[in-house]
Amino acid sequence: MSRQPLRLAIMEAERILAEAGVASPRTDAELIAAHVLGAERGKLMLTPLVDRQVIEAIGQLVHQRAKRIPLQHLLGWAVMGAVTLQVGPGVFVPRPETELLLEWGLEFLAGREHPVVVDLCTGTGALALAVAAERPDAEVHAVEIDPTALAWARRNMESSRVRLHSGDVTAPDLFAELDARVDLVLCNPPYVPVGTAVPPEVGEHDPFKAVFSGSDGLTVIRHVVNLSARLLKPGGAVVIEHDDTHAESVPELLATRKVLTDVEDHDDLAGRPRFATAIRTS
Ligand SMILES: C[S@@+](CC[C@H](N)C(=O)[O-])C[C@H]1O[C@@H](n2cnc3c(N)ncnc32)[C@H](O)[C@@H]1O
């Protein structure tokens, strides 16, 4: 069977994906090729020629990606920190910008022994698992409301010590047993204002309740602020991801709770407001 240049297949894939409006066509083309070959993306050039079946398999995935099916659904995985998570239909795909929350949280935990950490709105379990991987001494809890997301989280946590809870972060008695015991609350909640235009990957494939949260995007965050104020021990911290329109509103919500202090907002790598932090007073 004739072998064909992989480079040309990737160029063609990039062209198709760019035409379909995919945001990062070259990256996606290379990741699809790497997935089909079972190779690392950085080592694709070590395989200059490939069989026709490989070109066809790449073409099939590119065809689906051009329909704006999330790349991670096609590959079956996404990354958070040191952890690779299984993802697919029915669960929110972890995003690179959420790594910033993780980094802030891990830095905050440095020097604290046996910290108690809670991941509110865990989805696949991304943040909880990433913290557990970095901090073997931590007691890590994760909570999620959606049964399908819970099933993905359960799968990802199969051989992990993270304690997964089925629950609603708006419930007034959630985690009553952890009151004033928690060192760090991490939360990437649904925060997009209902009615905001989003790309097809989000609008058609992320669950609605994972993305949108009331007309101002703050419905779940309001509860998360109150819950954090209750759960945190003195000197503990909360870190909440938010919409780039929330640079003032989320810090304001945190500041309404007198027990929360040192409220700060933080940008993402593109310079957009992305997450807010606060410390529980001693
Ligand atoms: C933006 S996703 C984030 C998932 C994960 N933390 C991540 O970063 O990949 C928000 C998650 O919150 C869950 N969720 C929404 N409302 C909730 C509630 N009231 N209580 C618990 N989880 C909720 C959704 O089902 C979804 O999995």
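The model is predicted, so local features need pLDDT of at least 70 and side-chain atom pairs count only at pLDDT 80 or more, while totals for chains, interfaces and linings use all residues. Residues are numbered from 1 along each chain as its sequence is written, and side-chain values use heavy atoms, with hydrogens and water left out. Helices here are DSSP runs of H or I with at least four residues, numbered from the N terminus.

**Helix α1 against helix α2**

- Helix α1 (residues 6-19) and helix α2 (residues 25-37) have axes that come within 8 Å and cross at roughly 130 degrees; axes are lines fitted to C-alpha atoms over the stretch in contact, and angles run from 0 to 180 degrees between N-to-C directions.
- α1 and α2 are therefore oblique to each other, the class left over once angles under 35 degrees count as roughly parallel, over 145 as roughly antiparallel and 65 to 115 as roughly perpendicular.
- The α1 and α2 crossing is right-handed, meaning that the near helix is turned clockwise from the far one by less than a right angle.
- On the α1 side the contact (heavy atoms within 4.5 Å) uses L6, I10, M11, A13, E14, L17 and A18, and α2 brings P25, R26, D28, A29, E30, A33 and L37.
- Sorted by class, this contact of α1 with α2 has ten nonpolar, no polar and four charged residues; Ala, Val, Leu, Ile, Met, Phe, Trp, Tyr, Cys and Pro count as nonpolar, Asp, Glu, Lys and Arg as charged, and the others, Gly among them, as polar.

**Helix α2 against helix α3**

- α2 also packs with helix α3 (residues 52-66), at an angle of about 135 degrees and with the axes 9 Å apart.
- α2 and α3 are therefore oblique, and their crossing is right-handed.
- From α2, D28, I32, A33, H35, V36 and L37 meet V54, A57, I58, L61, V62 and R65 of α3.
- The contact of α2 with α3 divides into nine nonpolar residues, one polar and two charged.

- The structure holds two aromatic pairs (ring centres within 6.5 Å, using the six-membered ring of Trp).
- In one of them, the rings of W104 and F108 have centres 5.7 Å apart and planes at 5 degrees, so the pair is stacked (planes under 30 degrees apart; over 60 is edge-to-face and the rest tilted).
- W104 and F108 are four residues apart in helix α5 (residues 99-109), about one helical turn.
- F108 is buried, at 17% relative accessible area (the cut-off is under 20%, with a 1.4 Å probe and protein chains only).
- The buried residues of α5 are L100, L101, L102, G105, F108 and L109.
- After α5 comes G111, with a positive phi near 90 degrees.

How values were computed
Helix = DSSP H or I, 4+ residues; strand = E, 2+ residues; numbered from the N terminus. Buried < 20%, exposed > 50% of the residue type's maximum accessible area, 1.4 Å probe, protein only.
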